[in-house]
Each structure stands twice: as C-alpha cells, then as structure tokens.
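Subject: Structure handover

Hi there,

Here is the structure I promised to pass on to you. Have a look at it first, and then read on for what I found.

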Amino acid sequence: MEHAIPLEWRTAVQNMVTSFISGDFTLSHSSFDRIAPVDPIIAQSIAANISAYGCTLAPLNPAVWGRAVYRWMDGYWQFLIDLTTTAEPVSDLVIHARLRDDGLARLEVQSVHVP
C-alpha cells in the first residue's frame, strides 16, 4: 500500500535535491542527519541519468508531493519522488530511495532515473 511522503521527510528531500542541483551527487559537501551519503558509483549514475534526461534540475515544485509515495517493501520503506526541472514542475525523473527499519532513520538514495 502506498502512502504520501511524511511531512518530516519533505524538507530533508528538498535539501538533498538542492545539493544535486549544485552538482554534489554524493552529498559529501553537505551535512544531512536524515540522508545517507551517496556511494560515488551511484552518484555517477545519477549525474549521467540527469544529464541524459536533457533538462536542468530545479528546486522541488510543491506539485511533486501530490505524486510522491513511499511503501513497505519487506524490511524497508521504498520512497519514489519525482524531480522538478526548469522545463517541468513534475518530471519523469524519479528519486528511488529506501529507509531501512533499523533505527538509523537515514534515507539511502539508490538511483535517480526514468522508470
């Protein structure tokens, strides 16, 4: 069953996207207590997928929260959040991230791609 992204996670995700906009795909230039650093190989893939999409990332438009969801996936919460570009308030690019049920409560970005 899918649920809307909780309000307490929206600010963390918006801050993460701000780092992506600035080119920090590993999230190494920012300190996030709710978002885990991104593995460099995954960060390269994210950057390549965004570049291939052909539009520039922009701060998240409020409209993305109408489609963003999370759901239980046998041991973790799967987050799916559309990104905003300068051309589209809600693009086809999607953040795929997970939140493990292990007490750390840190969102782990797995990918950004068009499903």
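Let me start with the core. The largest nonpolar core holds 31 residues, where a nonpolar core is a set of buried Ala, Val, Leu, Ile, Met, Phe, Trp, Tyr and Cys residues joined through side-chain atoms within 4.5 Å. Val13, Phe20, Phe79 and Ile95 are the residues with the most contacts inside this core. Two or more residues each come from helix H1 (7–21), helix H2 (40–53), strand E4 (76–82), strand E6 (94–100) and strand E7 (107–113). H1 gives the largest share, six residues. As a general point, nonpolar side chains in soluble globular proteins tend to be buried together.

A word on what you are looking at: this is a predicted model, in which local features need pLDDT of at least 70 and side-chain atom pairs count only at pLDDT 80 or more, while totals for chains, interfaces and linings use all residues. Residues are numbered from 1 along each chain as its sequence is written, and side-chain values use heavy atoms, with hydrogens and water left out.

Now the overall picture. The protein has two helices and seven strands, and from the N terminus on its elements run β-α-α-β-β-β-β-β-β. The radius of gyration is 13 Å, close to the 13 Å that the globule rule gives for 115 residues, so the protein is as compact as a globular protein of that length. Helices (H or I, at least four residues) and strands (E, at least two) are DSSP runs, numbered from the N terminus. The radius of gyration is taken over C-alpha atoms, and the globule rule is 2.2 Å times the number of residues to the power 0.38. Along the principal axes, the C-alpha atoms fill a box of roughly 35 × 30 × 25 Å.

Of the 115 residues, 42% count as buried; buried means under 20% relative accessible area, exposed over 50% and partly exposed in between, with a 1.4 Å probe and protein chains only. Among contacts with a separation of 6 or more, 50% are between residues 24 or more positions apart, a contact being heavy atoms within 4.5 Å. The accessible surface comes to about 6,100 Å², and 53% of it belongs to carbon and sulfur atoms (Shrake-Rupley method, 1.4 Å probe; for residues, only the protein chains shown count as cover).

On charge, there are 7 positive and 12 negative side chains, and the centres of the two sets lie 2 Å apart. Lys and Arg count as positive and Asp and Glu as negative, with His and the chain ends not counted; each charge is placed at NZ of Lys, CZ of Arg, CG of Asp or CD of Glu.

Phe20 is in contact with Phe25, Leu27, Ile46, Leu57, Val109 and Val112. Val112 lies in strand E7 and is buried at 0% relative accessibility. Besides Phe20, Val112 touches Ile46, Asn49, Ile50, Leu83, Leu93, Val94 and Ile95. Val112 and Ile42 are 70 residues apart in sequence, yet their C-alpha atoms are 9.0 Å apart in space.

Which residues does Ser19 touch? Ser19, in helix H1, is buried with a relative accessible area of 5%, and touches Asp24, Leu27, Ser30 and Phe32. Asp24 lies in the loop between H1 and H2 and is also buried, at 5% relative accessibility. The contacts of Asp24 are Ser19, His29 and Ser30.

Two backbone angles may interest you. Most residues other than glycine have a negative phi. Leu27, however, has a phi near 60 degrees; this residue is in the loop between H1 and H2 and is buried, with a relative accessible area of 4%. Asp74 has a phi near 60 degrees too, in the loop between strand E3 (69–72) and E4, but Asp74 counts as exposed at 73% relative accessibility.

Finally, Ala87 is found in the loop between strand E5 (84–85) and E6 and is exposed at 56% relative accessibility. The C-alpha atoms of Ala87 and Ile21, 66 residues apart along the chain, are separated by 14 Å.

Best wishes, and happy browsing!

Key
Lists of a residue's contacts leave out its neighbours within four places in sequence.
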